[in-house]
Amino acid sequence: MKNRYLARAIVIAIILGVLVGAVLHAQLDTDTAKTIAAYFSMVTDVFLRLIKMVIAPLVLATLISGVASMADSGSIGRVGLKAMTWFLIASVVSLLIGLTLANLFQPGAGLNLSVAANGNSGLNTASFNLSGFLSHVFPRSIVEAMGNNEVLQIVVFSLFFGAALALVKGSARSPILHVLEELTQVMFRITEYVMVIAPLAVFAAIAATISLYGLGMVVSFGKLIAQFYLGLAVLWLVISGVGYLALGARFKQLLQLLRSPVLLAFSTASSEAAYPKTIAALDSFGSPKRINSFVLPLGYSFNLDGSMMYQAFIVMFIAQAYGIEMSFGHQVMILLTLLVISKGTAGVARGSLVVLAAGLPMVGLPEAGLLLILAVDPILDMGRTATNVFGCGVATAVIGHGATDEQPAPLPSLA
């Protein structure tokens, strides 16, 4: 019931946000609209801060518990191999769909832009290099990583800690595991409190964007937006097809459970906001908790289906806008380049845009081409973020299918 109420409330909040934002954009001048949008953004910012307050301890507790229990049973290597295989195949499929549709629809054709007529995108890509990426992967301090909400660093620490916990004492007998399980339950309860204001935050986020940019940007870039969302729809069909083949009739139940976290990710353009609800949905679905707590955090770092397709689609859009011919071999090189550099998305501020800004020169395209889509990127970001969450949820459920959530022996009382 709570899940159904939240989904309906978010849909209503999106509709009201669009209506209020459109009215404000039509009635207010630019400066006043920016001021009003800033006030709306304060509500969204508070909500996202409250969610981020939960993310670090929740990822730490669930992932350590999952790794420790799987290390005890000897299944960590098998599950890890399945997860990384899924992530790699899903990334390639997402990139191929983006490239195929961009070649088919030619969204940038006819713009006939000149490289010299455009400036720099203004995105900070200086830190996006091998050393910068590695510094984001391996934490100097778990306290620092948790303080900065560096999910990838928390994942790395949790993998080491969970494996060591199982080897040192055996997770089934460790009081540490009991504390972590209690911490997980506390974080879920805090999440329930925070979710009470989720519809208000969604309304504020949508109203802020529309009041600032108006519905006109949707019309102006309607072709690009429509084609990109069609690509996402194709990707959803592929993911859903695989999910149905693996889960059968139960896949419908998974879709119902994932509805709220996906809507939350779409409306806030934040996958972090949806993490607690996603892992709770997978637990309700009956997927083994040890699998959920291991695969889902990895997926948040490495299984970014929506971002993959976005990057391939936008690269081809920019090439077409500047009239740059792209041979099949060149497109394959782009696919491989994006496949590698996109794995740094989780550790870089502004995610996909910064990865693209860093990757475009690698494939011979002008970085300034990103200026073309900066205005509508918030709308594109909503779709790709929701797709990332959906892809991670389905991947985790499929990988956990058929596994039994074996419970360890009763833990000793800490009293």
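Buried denotes a relative accessible area under 20%, exposed over 50%, and partly exposed the range in between (1.4 Å probe, protein chains only). The model is predicted, so that local features require pLDDT of at least 70 and side-chain atom pairs pLDDT 80 or more, while totals for chains, interfaces and linings use all residues. Residues are numbered from 1 along each chain as its sequence is written, and side-chain values use heavy atoms, without hydrogens and water.

The secondary structure of the protein chain consists of 17 helices and zero strands, both taken as DSSP runs numbered from the N terminus (helices: H or I, at least four residues; strands: E, at least two). Of its 415 residues, 53% are buried.

Helix α6 (residues 151–168) comprises 18 residues and spans 25 Å from its first C-alpha to its last, close to the expected 26 Å, which is 1.5 Å times one less than the number of residues. The buried residues of α6 include V151, L152, I154, G162 and L165.

In helix α13 (residues 289–302), V295 is buried, with a relative accessible area of 1%. Contacts of V295 (heavy atoms within 4.5 Å), not counting residues up to four places away in sequence, are made with V79, A83, F87, T396 and I399. V295 and T396 lie 101 residues apart in sequence, yet 5.8 Å apart in space, C-alpha to C-alpha. Among contacts in the protein chain between residues at least 6 apart in sequence, 86% join residues at least 24 apart.

V11, located in helix α1 (residues 2–27), counts as partly exposed because its relative accessibility is 37%.
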